[in-house]
Amino acid sequence: MASLAWLLIPLLAAVGAGLWAVWANRNRKSGRTGDISELNGYAAFREAMEKSHSGSDTPA
């Protein structure tokens, strides 16, 4: 009976991990915009960095 308990522990852990994976990868309909918003944010970041360094090309 003790060996059965030791075999059930990894089985329950695997089932729990599977349930967590399904829950973590669920479709979230609110706030899900995909890569487009990330690319727009990156473009804004690049523009801001270019503006802050445009007049300081001479080394200090």
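**A salt bridge and a nonpolar patch**

User: Which residue forms a salt bridge with Arg-46?

Analyst: Let's go by the cut-off: a side-chain nitrogen of Lys or Arg within 4 Å of a carboxyl oxygen of Asp or Glu. The closest N and O atoms here are 3.9 Å apart, and the partner of Arg-46 is Glu-50. This is a predicted model, where local features need pLDDT of at least 70, side-chain atom pairs count only at pLDDT 80 or more, and totals for chains, interfaces and linings use all residues. Residues are numbered from 1 along each chain as its sequence is written, and side-chain values use heavy atoms, with hydrogens and water left out. So, by that cut-off, the partner is Glu-50.

User: Where do Arg-46 and Glu-50 lie?

Analyst: Helices are DSSP runs of H or I, at least four residues, and strands are runs of E, at least two, numbered from the N terminus. The two residues sit four apart, about one turn of the helix, and both lie in helix H2 (residues 35–53).

User: What accessible area do Met-1, Leu-4, Leu-8, Leu-11, Leu-12, Val-15 and Leu-19 have together?

Analyst: Patch residues have over 30% relative accessible area and no salt bridge; like charges are joined within 9 Å, nonpolar side chains (Val, Leu, Ile, Met, Phe, Trp, Tyr) within 5 Å. One member, Leu-11, is partly exposed at 49%. Areas come from the Shrake-Rupley method with a 1.4 Å probe; for residues, only the protein chains shown count as cover. Together these residues form a nonpolar surface patch of about 760 Å².

Methods: Buried means under 20% relative accessible area, exposed over 50%, partly exposed in between (1.4 Å probe, protein chains only).
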